[in-house]
Amino acid sequence: MEKKVCIFTGARPNFVKVAPIIRVIQQTEGISYQLVYAGPADDPTLEPSLFSDLQMPRPNAFLGVESDNLNELTGRVMSEFERYLDQHATDTVIVVDDLASTMAAAIVTKKRGLRLAHLVAGTRSFDIRMPKEINRLVIDGLSDLLFTAGAGASSIATREGAESHKIYMVGNILMDTLRMNHSRWLRPACLDGVVDGQYLVFTLNRRALLADRQKLFQLLQAVSESAGSLPIVAPLRGKAFEEVQSFGGQFHVVSSLSYLEFGYLTAHARGIITDSGNVAEEATFNNVPCITLNSYTEHQETVRQGTNVLVGEDALLLRQSLSDLVAGRWKQGSLPDRWDGRSAERIVQTLLA
């Protein structure tokens, strides 16, 4: 009997992670899927180029939920996702990452007695004050299949009581998408007149950092003054775009790029300054030096084996690290175990078992 899988997504970055799974399912007999998005069909972050760049179809269903209040969003997603499951036969639900909408879908899935799979499981900040940390704990606790990116995440799941037969170290799914698209990168127009390897990339998204304008400007000043003669390309959106543009300095602020353009930008940079865990993971795959504006990372492999360094929100430490980066004094990275671009194959084979 054919396995019917629902892949639940709650935000734009999730699609980069599920695209390889969809591709493998489409090539595999005995399994089918439906792709569900928590937000509306006209979500401006889901530009048409995203799906064409990832070579994947748009979602089959949009729940249409929008809210800045996380508790309200959770309740509305639970209601809408339950309505979706009433109308679609489903054996397994795959939820991605650690959003409030992800947790909502996980709760509904288990209340209906369906098999729940979590991608990416076992990631922790160990800061219970973070809403996402609570989401991770709830989702992992409910899941029947925990797909982890590495040995560290698998160990966390084990220590927290997950049975070993539920834990599958499948590797980092982002690497599947990077490997498939490596030859398809598009050089963005913002690099006109700029030599590959002779620029820095700056990204910013964390709300907490954007909310503290004084600290943010200290960090921006540290980046601008430590970059030497290197231009700083900053593809941003929303408040981050406004704040960095108002700062000025050496920042060349541009609107958000397409997936294939952003992939080229980061793969050919001298170095990256970011608050994004996903960007840091991709930097490790591309062997590009990366400075993360956070005190922790969900994937310690990027620090222990990869090219990533954590500086928190410490402007002095940021200056020191960026000066080393610009001067070419950086550690040599290596690829962590199973970051080989075959994670989706492992996941689908597990779903078929």
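Modeller: A nonpolar core is a set of buried Ala, Val, Leu, Ile, Met, Phe, Trp, Tyr and Cys residues joined through side-chain atoms within 4.5 Å. Buried means under 20% relative accessible area, exposed over 50%, and partly exposed in between (1.4 Å probe, protein chains only). Here the largest nonpolar core has 60 residues, and Ile-7, Phe-15, Ile-21, Met-56 and Leu-265 touch the most other members. Helix α1 (residues 12-26) gives the most to this core, 8 residues. Another core lies apart from it, with 28 residues, including Leu-210 and Leu-230.

Colleague: What is the basis for these values?

Modeller: This is a predicted model, in which local features need pLDDT of at least 70 and side-chain atom pairs count only at pLDDT 80 or more, while totals for chains, interfaces and linings use all residues. Residues are numbered from 1 along each chain as its sequence is written, and side-chain values use heavy atoms, with hydrogens and water left out.

Colleague: Which residues is Met-56 in contact with, leaving aside its neighbours within four places in sequence?

Modeller: Contact means heavy atoms within 4.5 Å. On that basis Met-56 meets Phe-15, Val-18, Ala-19, Ile-22, Leu-35 and Phe-51.

Colleague: Is helix α11 largely enclosed or open?

Modeller: Helices (H or I, at least four residues) and strands (E, at least two) are DSSP runs, numbered from the N terminus. In α11 (residues 259-267), 8 of the 9 residues are buried, so the rest of the structure largely encloses this helix. Tyr-259, Phe-262 and Leu-265 are among the buried ones.

Colleague: In what order do the strands of the sheet run?

Modeller: Two strands pair if DSSP finds at least two bridges between them. The open sheet has 7 strands in the order β3-β2-β1-β4-β5-β6-β7, with parallel pairing. β3 (61-62) and β7 (167-169) are at the edges with a single partner strand each, so one side of each has no neighbour in the sheet. Further in, β4 (residues 92-96) and β5 (residues 115-121) pair over 5 bridges, and Val-95 stands opposite His-118 in β5.

Colleague: Where is there a cis peptide bond?

Modeller: The bond from Leu-119 to Val-120 is cis, with omega near 10 degrees. Val-120 belongs to strand β5.
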